[in-house]
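The following exercises concern one predicted model. Please work through each task before reading its solution.

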Amino acid sequence: MHQVILDRLEEYLSGSPSSREFTTHLESCEECRAEVQEMKELSGALSALRAPEEITPSLGFYAQVARRVEAQRPRSPWSWVWLEPAFGKRVAFASLMSLVVLGSYLITRETEYSAGPPRPEAIMAQQAPADNPDMILATLASYEP
Amino acid sequence: MGTLTGTLPLPAFGSRVAVKTRVDYQNSQEGALVRRAQSGDEAAFREIVEHYQSKVFSIIHGIVRQRNDVEDIAQQVFAKVYFSIRNFDFRSSLITWIYKITVNECFDYLRKKKVRKLVYESDLSEDEVRRVENTEPSVDRQAPADETLARRDYVLKLLSRVSEEERTLLLLKEVEGRSVEELAQMTGMNENTIKVKLFRARQKLVKAAQRLDRAPGLVAG
């Protein structure tokens, strides 16, 4: 397409009066004439996308938008615990039960230790056979209460 | 044909000296409203929705024509506006930005609808597909009875072959009736740039139309 057509194409397609230079060139240049004709047809076809009638948004439209925004708002991984009360209660109960079990276990362990260290005789009985007197002496020598 | 299209000079478009018409959107009343919305002011966002909702409805209705879906698409458009308003950089007017989001959302909707239809039809026998096509609204058919709807489907196919920016410019020019000068103001671009972009977009449409007319099955969609 030639420059003279390029310059005035949008005006021509908008229906504004064409310049003499534009029309003269269009009459003489078959190449430009064909291309402009195709563009004009498509320009007309685009008008099919104009809304046929006005649609009035419903009165609660903003509220619907706000709801959609809330639904699509990115959330932290923990937010569902607070947003789902039933699930949150279950999580709280499970945490409490875990604490109770862990606490009971620790208390039991504490009771075992509170009996004090084992007596030397018990250690000797575990670590050395009774028929080895040297081992018994070595164990007794290294024993520290 | 198209001897000069490859070497089209960008700034010096022809003999006329185009006036660069840049509008300072940041310091306008609209700019103040946008800045409030960007800082999380819900009232400002509400004002934006209420100011532009009719326009958005009209754009969607023109492209999609499914009255029942217009409101749903419009909600999604404004949800996108809400989440991306912080990225709005005032280079264009707010309506140009919202217009682009709306058009993209409409094309997304049409694409998803087409995919859904294809998936659904792949599960049906040929007879069932034929029966379903005969009961669907004419807007979804391959050959709509109504000529206006057929023309609209054809134009939508062509528009899906150009870039988002070209599509928005073409629609603002041809559907909204904006002049090149107005488009320059709305987009913050030079008038010559607008002319070049529109020209290239029109050329792409012509080529797409030629391909579509030659082999409808290859280009459709």
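**Exercise 1.** In which helix is the place of A:Val4? Determine also whether A:Val4 is buried or exposed.

*Solution.* The model is predicted, with local features requiring pLDDT of at least 70 and side-chain atom pairs pLDDT 80 or more, while totals for chains, interfaces and linings use all residues. Residues are numbered from 1 along each chain as its sequence is written.

Step 1. A:Val4 belongs to helix H1 (residues 3-13) of chain A; helices are DSSP runs of H or I with at least four residues, numbered from the N terminus.

Step 2. The relative accessible area of A:Val4 is 16%. Buried means under 20% with a 1.4 Å probe, protein chains only, so A:Val4 is buried.

Step 3. Beyond its neighbours within four places in sequence, A:Val4 is in contact (heavy atoms within 4.5 Å) with A:Glu21, A:Phe22 and A:His25. A:Phe22 is 18 residues from A:Val4 in sequence, yet their C-alpha atoms are 6.2 Å apart.

**Exercise 2.** Which domains of chain B give residues to the lining of the second largest pocket?

*Solution.* Step 1. The lining comprises 14 residues, and B:Ser92, B:Thr96, B:Lys100, B:Glu165 and B:Thr187 lie nearest the centre of the pocket.

Step 2. Helix H4 (94-122) and helix H7 (164-174) of chain B each contribute at least two lining residues. The largest share, 4 residues, is from H7(B).

Step 3. Domain 1 (21-103) and domain 2 (146-221) of chain B both supply lining residues, so the second largest pocket lies between them.

Methods:
Chains are lettered from A and ligands numbered from 1 in the order in which they are written. Side-chain values use heavy atoms; hydrogens and water are left out. Buried means under 20% relative accessible area, exposed over 50%, partly exposed in between (1.4 Å probe, protein chains only). On a 1 Å grid over the protein atoms alone, a cavity is a set of points where a 1.4 Å probe fits but cannot get out, and a pocket is an open set with protein on both sides within 12 Å along at least five of seven lines; lining residues have an atom within 4 Å of a point. Domain bounds come from an automatic or database domain assignment.
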